[in-house]
Amino acid sequence: MLIEALLKEHEEISRFSEKLEQRCIALMEENEFCADVFREDIAFIRTYADEQHHKKEEDLLFRAMLEEIGQAAVPAIRQGMLVEHDMGRMYVGELENAVERYAKERTPANKLEILAQAMGYVHLIRRHIYKENNAVYPFAQRALSQETMQKLNEQYQKEWKPNEIA
């Protein structure tokens, strides 16, 4: 149930990454720019991808993996997924700064910074989702006990399910 929900959220985040890439192409080719639309993109990443999705991974699944699996989970979680979550936050913060600079002064350098930060995020999140879907989640399903998975599913149902964005 938890992992199924995380996979479903990956689909939504992947669809979003396609839209963000298209927005970058429109900015590059057509000079199409709306600061408010980019701000909405940033808000989506922060609220849906980070506060909802990544928090679930960090507080539930990854914590359980580190506690139960131990050292074997450290490279994938602490040195992999958590580092990439922080990298995503860095890209989003830099994108926000770039959008604000470009909204005030439409220079080629400011435009390039939007494209660089947005596409950096897009590429990061696509690779990140692939690794979680194909390595981290299957590893968790194999290595965590059924009891732990049941507890995670119950905790997800209790703490997250009622509050999720439809």
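Let's start with helix 2 and helix 5. The two axes cross at roughly 160°. Anything over 145 counts as roughly antiparallel, so helix 2 and helix 5 are roughly antiparallel to each other. Keep in mind that this is a predicted model.

How close do the axes of helix 2 and helix 5 come? They come within 11 Å. Helix 5 covers residues 146-159, and helix 2 covers 35-68. The crossing between helix 2 and helix 5 is right-handed.

Now the residues at that contact. From helix 2 we have Lys56, Leu60, Leu61, Ala64 and Glu68. From helix 5, they meet Thr148, Leu152, Gln155 and Tyr156. By type, that contact splits into 5 nonpolar, 2 polar and 2 charged residues.

Next pair: helix 1 and helix 4. Helix 1 is residues 2-30, and helix 4 is residues 108-143. Their axes come within 10 Å and cross at roughly 160°. Helix 1 and helix 4 are therefore roughly antiparallel as well. Which hand does the crossing of helix 1 and helix 4 have, left or right? It is left-handed. The contact of helix 1 with helix 4 holds 19 nonpolar, 5 polar and 5 charged residues.

On to the cores. Nonpolar side chains tend to be buried together in soluble globular proteins. In this model, the largest nonpolar core has 27 residues. Which of its members touch the most others? Those are Leu20, Leu27, Phe33, Phe38, Val99, Ile114 and Tyr121. Helix 1, helix 2, helix 3 and helix 4 each supply at least two residues. Helix 3 runs 74-104. Helix 4 gives the most, with 9 residues.

Take a look at Val99. Setting aside neighbours within four places in sequence, Val99 is in contact with Phe33, Ala35, Phe38, Ile42 and Ile114. There is also a second, separate core, of 24 residues. Leu2, Ile77, Val136 and Phe139 are among its members.

Now zoom out. What does the secondary structure of the protein chain come to? The count is 5 helices and 0 strands. From the N terminus, the order reads α-α-α-α-α. The C-alpha atoms fill a box of roughly 55 × 30 × 20 Å along the principal axes. The chain has 166 residues, and 46% of them count as buried.

Last point, on contacts along the sequence. Consider contacts between residues at least 6 apart. Of these, 81% join residues at least 24 apart.

Key
Residues are numbered from 1 along each chain as its sequence is written. This is a predicted model: local features need pLDDT of at least 70, side-chain atom pairs count only at pLDDT 80 or more; totals for chains, interfaces and linings use all residues. Side-chain values use heavy atoms; hydrogens and water are left out. Axes are lines fitted to C-alpha atoms, for helices over the stretch in contact, and angles run from 0 to 180 degrees between N-to-C directions. Helices (H or I, at least four residues) and strands (E, at least two) are DSSP runs, numbered from the N terminus. Angles under 35 degrees count as roughly parallel, over 145 as roughly antiparallel, 65 to 115 as roughly perpendicular and the rest as oblique. A crossing is left-handed if the near helix is turned anticlockwise from the far one by less than a right angle, and right-handed if clockwise. Ala, Val, Leu, Ile, Met, Phe, Trp, Tyr, Cys and Pro count as nonpolar, Asp, Glu, Lys and Arg as charged, and the others, Gly among them, as polar. A nonpolar core is a set of buried Ala, Val, Leu, Ile, Met, Phe, Trp, Tyr and Cys residues joined through side-chain atoms within 4.5 Å. Buried means under 20% relative accessible area, exposed over 50%, partly exposed in between (1.4 Å probe, protein chains only). Contact means heavy atoms within 4.5 Å.
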